[in-house]
Amino acid sequence: MIPDGFRRGRPFNPYDYQFEYLASFYLVKGSARWVPADPILGSAFVYRRGLLVDPQKKGKSPLAAGHICLEGVGPALFAGWAGKDDGFACVDHGCGCGWEYPYQPGEPMGMPWPTPLIQITALSEEQTDNVYDALRPMIELGPLADLIPKTGEEFIRLPGGGRIDTVTSSAQSRLGQRVTFVPQDEVGLWTAGNRMTKVADTQYRGLAGMGGRASLTTNAWDPAERSVAQQQYESQATDIYRQFRQPPANLSYRNKVERRRIHRFVYAEALRENGGHIDLDSIEAEAADMLERDPAQAERFFGNRLVYGQGSWLREGLWESRKRQVAA
Ligand SMILES: [Zn+2]
C-alpha cells in the first residue's frame, strides 16, 4: 500500500528501478537445492546483500518499507523449484488479500521466514523514522493488517514470534540479536568515526549466522569519508548486488541546462512527466538552493554523483583534470 500522499492506500506498484533491485536481490542460484527438513536460507541467493544508491526523494523509504513487509510475512525464502501445478496462495499463510500465483515449472518457489527478526538501522532516529513511518500505514491500510494486527510506536510484532525493531547509533540495545533481515539506511553516512561501521559489521555477522541478508540504501557519498556505502561499493566481493545509476560524466552540475539533464537521467521513471511522483522543477529549486550553500552535497543528494565534500584533501575536479593531462 502507498503510505502517504494523494495515492495513499492504493496498491504500491514498484517503479522499474525498484523492481530491478528486488528482482536482483532475490535472484536464486541455479545450483540451489532445497530439502523440507533443513531448508536452505540466504545462501540460496546469488547475492549476500544489496546496495542501492539513488538521489533524494526518489522513493528509497517506500521501497525499504515494502521490502520489510516482504521479509516479514511474504515469500522471502527459496522453497525449491516448481513442478507442474505448483502455486503460491496468500491464504495458505493467513493473508486474506486473495493473491495467488501459479508457478511455471522450473521456477523458484518462495516461502516466508518462520521467525523473522528485522532491524531497521540508521545513524539517527529521524532516518529510521523515514522508513518506519512509511512502513506502518503500508501495513495498516491493507490486507497485511490481518497478519499484523498491531503496529506500535516502537516496534512491530510479526507472526511466529518475529518482530521489527529500529536501531540507531545511540540506541543499539538489540544489536547482535539473531536477525534475518537488516535494512541499513543512509549507509553513506556510516563511518568509523560515528561507530556505524562497527554496527554494520555486527549486523553482518548476525545475519551470516542466521542465513539472513542486508539491504543497503543511500545517497551518493563523500569519497573522503570511507563510509560503509563506499566500502561495500568498492569491495572485491562478487556477491554484493550494487545498483548505482550515475549520470554521464561529461555533464556539469554547475550548468543549469546540464543539471536538468542530470536530474532527468537519475530520477528517470520517478518523474511526474514519466508517470512518477517527482516534480522536476521542485527538485531543481531545492538543488539550486543547496548549491549556494554546499555544492558538493547538492550534487551528491540530487545529482547522484560521488563528490568530495568541501574542505577535504582534494579540490573537486582536480583529480579528473590531472588525469586528463597525464593521458594527453
Ligand atoms: Zn496476501
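Here are a few friendly notes on the predicted model shown above.

1. Let's start with the overall layout. The protein chain splits into domain 1 (16-79 + 114-244) and domain 2 (256-327). Taken over C-alpha atoms, the centres of domain 1 and domain 2 are 27 Å apart.

2. Next, the contact between the domains. Domain 1 contributes 15 residues to it and domain 2 contributes 17 residues. On the side of domain 1 that touches domain 2, seven residues are nonpolar, three are polar and five are charged.

3. Now the nonpolar cores. The largest nonpolar core holds 55 residues, and Ala65 and Leu135 have the most contacts inside it. Leaving aside residues up to four places away in sequence, Ala65 touches Pro3, Val131, Ala134, Leu135 and Met138. There is also a second, separate core of 11 residues, with Tyr253, Val266, Tyr267 and Phe302 among them. As background, nonpolar side chains tend to be buried together in soluble globular proteins.

4. Helix α9 deserves a look of its own. This helix (residues 295-303) is largely enclosed by the rest of the structure because seven of its nine residues are buried. Those buried residues are Ala296, Ala298, Glu299, Arg300, Phe301, Phe302 and Gly303; the list thus includes the charged Glu299 and Arg300. Phe302 also belongs to the second core.

5. What covers the buried residues of α9? The cover includes α7 (256-267) and α8 (280-293).

How values were computed. Residues are numbered from 1 along each chain as its sequence is written. This is a predicted model: local features need pLDDT of at least 70, side-chain atom pairs count only at pLDDT 80 or more; totals for chains, interfaces and linings use all residues. A residue is buried if 20 or more other C-beta atoms lie within 10 Å of its own, exposed if 12 or fewer, and partly exposed in between; C-beta atoms are placed from the backbone. Helices (H or I, at least four residues) and strands (E, at least two) are DSSP runs, numbered from the N terminus. Two residues are in contact if their C-beta atoms, placed from the backbone, lie within 7 Å. A nonpolar core is a set of buried Ala, Val, Leu, Ile, Met, Phe, Trp, Tyr and Cys residues joined through C-beta atoms within 7 Å. Domain bounds come from an automatic or database domain assignment.
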